[in-house]
Amino acid sequence: MTGAASASFTADDYEARMERAARQAADAGLAGLLVAPGPDLVWLTGYTPTAVTERLTLLVLAPGRDPVLVVPTLEAPDAERALGASALTLRDWTDGKDPYAVTAALLDADGRFGISDNAWAMHLLGLQRTLPGTSYASLTEALPMLRAVKDAAELELLAAAGAAADAAFEEIRSVAFAGRRESDVAADLAGLLRRFGHTPFTSRSSPPDPTAPTRTTRSGDRVIERGDMVVLDFGGLRDGYGSDTSRTVHVGEPTDEERRVHDLVREAQEAGFRAVRPGAACQEVDRAARAVIEDAGYGEYFIHRTGHGIGVTTHEPPYMIEGEEQPLVPGMCFSVEPGVYLPGRFGVRIEDIVTVTGDGGRRLNNTAREMVIVD
């Protein structure tokens, strides 16, 4: 996740990110941030432990103080090699000592802290026992836009990931679909993503296996037949940054209704893309895409948000959904992915990753959005 991507950034980049995070924490009324191993720690420091275990590793960022990484002594040599380590003080602890006491010495005893969403409960509870006057907020809740605006190097990595996913689609459309199990075509697609440098994602809430072709919401042992509409929703991480794209193909000739619904979703996706501009609220992207589908009488079959942010994870803020008034800022990257799903019949989704520019938006996926016929 961090190898090639880390090489694109310098120690100064990581230092600037940590300074920005501490400043945003202060602006949000927090005493600091506590960052556990995961995407936030990678983004802030370039460090990924070789294994995430029960031993506490925690980055402590506080306004006006130097960043400190609390780390097991066993793993300190690896942490010292991280690109962001030169901007850190390492505070190691050995087995048999209390890591929460080590960390507590760095914290305000009655402060409120933002903490990584993926921090272990045992570590949060350990800190609360040691410092009962402290309180905590989810980092995503407290600072949802921390990683949202990408710099030039990040945009380059995201564009490369999008181009690699596009290349996988261009090849998968030429394989045989009819007469094969959905899981077999899914494996072909995952193999292509790996060939083009990805670690494919293989699970998400809907569909459960988004690297796979899906007739409505999931892949499995069902044999694909001629006449099927197949949603391909796929991507993953390449050099530490994400791709996520969807195209809907048809096995053999589609019916008039299938063409009409596909064209409708394509029109909605274009409307969502055209709504992207600096200063527009995220919800405006959702409203633009949703209006097209609702006006055509299919509103009840568009059952998810129009988009989600992407970066060092494939799902992150901002979200293109009604009620999200966060203004779009140049450098934000997110999906635009309307869909229509007719239960028991067929579904259509078309998805591109889009970045906000100075005067609009730019797509990071550029394969055909028209219906593709496969064999």
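**Surface patches and an aromatic cluster**

Good morning. Trp 120 is partly exposed, because its relative accessible area is 35% and that class lies between buried, under 20%, and exposed, over 50% (1.4 Å probe, protein chains only). The model is a predicted one, in which local features need pLDDT of at least 70, side-chain atom pairs count only at pLDDT 80 or more, and totals for chains, interfaces and linings use all residues. Residues are numbered from 1 along each chain as its sequence is written, and side-chain values use heavy atoms, with hydrogens and water left out.

Trp 120 sits in the loop between β5 (112–115) and α6 (121–130); helices (H or I, at least four residues) and strands (E, at least two) are DSSP runs, numbered from the N terminus. Together with Val 52 and Met 122, Trp 120 forms a nonpolar patch on the surface, with about 280 Å² of accessible area. Areas come from the Shrake-Rupley method.

I turn to the aromatic rings. The whole structure holds 4 aromatic pairs, with ring centres within 6.5 Å; planes under 30 degrees apart are stacked, over 60 edge-to-face, and the rest tilted. The rings of Phe 9 and Tyr 241 are tilted, because their planes stand at 50°, with centres 6.2 Å apart. This pair links distant parts of the chain, 232 residues apart.

Key
Rings of Phe, Tyr and Trp (its six-membered ring) pair if their centres lie within 6.5 Å; planes under 30 degrees apart count as stacked, over 60 as edge-to-face and the rest as tilted. Patches are made of residues with over 30% relative accessible area and no salt bridge: like charges are joined within 9 Å, nonpolar side chains (Val, Leu, Ile, Met, Phe, Trp, Tyr) within 5 Å. Accessible areas come from the Shrake-Rupley method with a 1.4 Å probe; for residues, only the protein chains shown count as cover. A salt bridge is a side-chain nitrogen of Lys or Arg within 4 Å of a carboxyl oxygen of Asp or Glu.
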